[in-house]
Amino acid sequence: MSTGGRPTEGGPSEGGPAAGAQGPSDDESLEDFGYKPQLKRTLGNFHTFAAGISYISILTGTFQLFFFGVSFGGPAYWWSWPMVFVGQLMVALCFCELAARYPVAGSIYNWAKKLGGPHIGWLGGWMMVTATMVSLAAVALAYQVTLPQISSTFQFVGNSTGGTDSAKNAVLLGSVLIIFTTLVNAFGVKLMARINSAGVLIELIAAVVLIGLLAAHITRGPSAIVETHGFGKGEPLGYFGAFLTASLASAYVMYGFDTASSLGEESTNPSRNAPRAILRALCASFLIGGLILLFALLAVPDLASKQLSVDGLQFVVLSALGHTIGEIVLWCVVIAITVCELAVQAAGIRLAFAMARDNCLPASSLVARVSPRFKTPVLPAVVIGLVAIGILVLNIDQPQIFSVVTSIAIIMIYLAYLLVTGPMLWRRLRGEWQPAPGHFSLGKFGLPVNILAVFWGSAMSINLAWPRRAVYNGTGPHHWYLQWGAFLYIGIIAGAGFAYYWFVKRGRIQIIDSARAAPGDEVPPVGPTTTP
């Protein structure tokens, strides 16, 4: 779907009636929230696109989760990729309208606040910021999946034969990565964007080359992905049940496209560029990732090999392309993991900063402080990095608990998205939503797209949280609190967080003086207005 060019009447476009009108200035959207500009605008079109696509990180996601999808659904799990794309596209289209109107830091928090009021906004922001910290730790673990396969030199702890050798080494490698990304993010968005953009360019080139190489080594026809190969046999729902479980591998990858808007206060012309970056990042990820997965399934020498469900895509690359080419590809995967980590942390920093300048977090005045030299919030970078390393330590002796925590982090992100699309749908139904004049608009398609986005988000959240023992408690000892971990721990996190808000912060949510547009002026309402 194009976001530029001449608009069609009533259809999705950037224009509508005022397509040729001059859009708002870069900082005009901040006036709706009562904020003064504090961050430095240095990011161009490719920077924002790169931030979105590196958060999704096709090479990281496919190489980290391919084994999971194949283990539960076999080759036909591939169809979950387009299914998840279509659902997430509905969400992304809603976000495009919001990004055009409110291209501000901490997009999920501010959008939920503007649409649903301070309670919904705080809960959405809390769910997203805690999930981001866990995601940062989860992505860092991908180093262990890739580096030791390149060379045993990277197995610094033991030789991977000990019970906890791999887990300890994963914490070591992951901690080094988090320290690196924390330093880069603390030194300003310009440095982060340069490294991220260079890494994304390498990742995209490597992905296209990988697609070509896998296509040249195809050993079977496409009928392989339409056969169940015995998966789901004996299950209550048959292959459909197996497919729903396998689809988590795709659902775990295709999110984070809102990052392009979260960097809106550091981008030029964000109302125009952020919606484009969101759609381009999601669509490019779908196309490239889908082809990699498809050709990998058609090129692997033996579809029945047990290593396929253990070593995943790494096994396919090494076995189908040979060690030398495979090793080069894996080095590109390492670069992709690194820039993915950069983007995840960058998004988390902006989210924490956005909440802190509304006095939503402990020590908000410190968290919201922008470095006069680097023009970026430094303390959130350090705190998020330290928390992520602490979460990593759970992986040493409690891998099942870490697996549960990682899974619920993804669910919390889907729930945070629902806390945006749900209130947005409510305001559409009441006739209170108006897209930004002269910018991206879904037109008459807005209501059906929004309905589908809410339905998709609700259905996939249930599918992600469903208490499957194979997902949440795959190996013994089996505990009910692990199998029901998604409902239990999300309830605890959301309940404890909201209790803090209700009893400590409620009634005190207001823009702190250092972030206020003009000290002493009337502050715009925190909740939704009549026509947001």
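L237, G241, L244, N463 and R468 are the closest to its centre, out of 20 lining residues. This is a predicted model, so local features need pLDDT of at least 70 and side-chain atom pairs count only at pLDDT 80 or more, while totals for chains, interfaces and linings use all residues. Residues are numbered from 1 along each chain as its sequence is written, and side-chain values use heavy atoms, without hydrogens and water.

Some terms come next. On a 1 Å grid over the protein atoms alone, a pocket is an open set of points with protein on both sides within 12 Å along at least five of seven lines; in a cavity, a 1.4 Å probe fits but cannot get out; lining residues have an atom within 4 Å of a point. Points are joined across faces, edges and corners, and a volume is the space filled by probe spheres set on them.

Stay with the second largest pocket. Helix 10 (239-246) and helix 19 (446-465) each supply at least two lining residues. Helix 19 gives the most, with five. Helices are DSSP runs (H or I, at least four residues), numbered from the N terminus. By class, this lining has 14 nonpolar, four polar and two charged residues. Nonpolar covers Ala, Val, Leu, Ile, Met, Phe, Trp, Tyr, Cys and Pro; charged covers Asp, Glu, Lys and Arg; the others, Gly among them, are polar.

Now the largest pocket. About 1,500 Å³ of space lies there. Its lining has 45 residues, with Q64, F67, L141, V145 and S403 nearest the centre. Helix 3 brings the largest share, eight residues. Other elements that supply at least two include helix 7 (142-150) and helix 18 (399-429). The lining of the largest pocket divides into 26 nonpolar, 18 polar and one charged.

The structure holds seven cavities of 30 Å³ or more. The largest cavity contains about 90 Å³ of space. Its lining has 13 residues; M128, D258, S262, A347 and L351 lie nearest the centre. Helix 15 (323-356) is among the elements that give two or more. Five nonpolar, seven polar and one charged residues make up the lining of the largest cavity.

Which helix holds V387? V387 is in helix 17.
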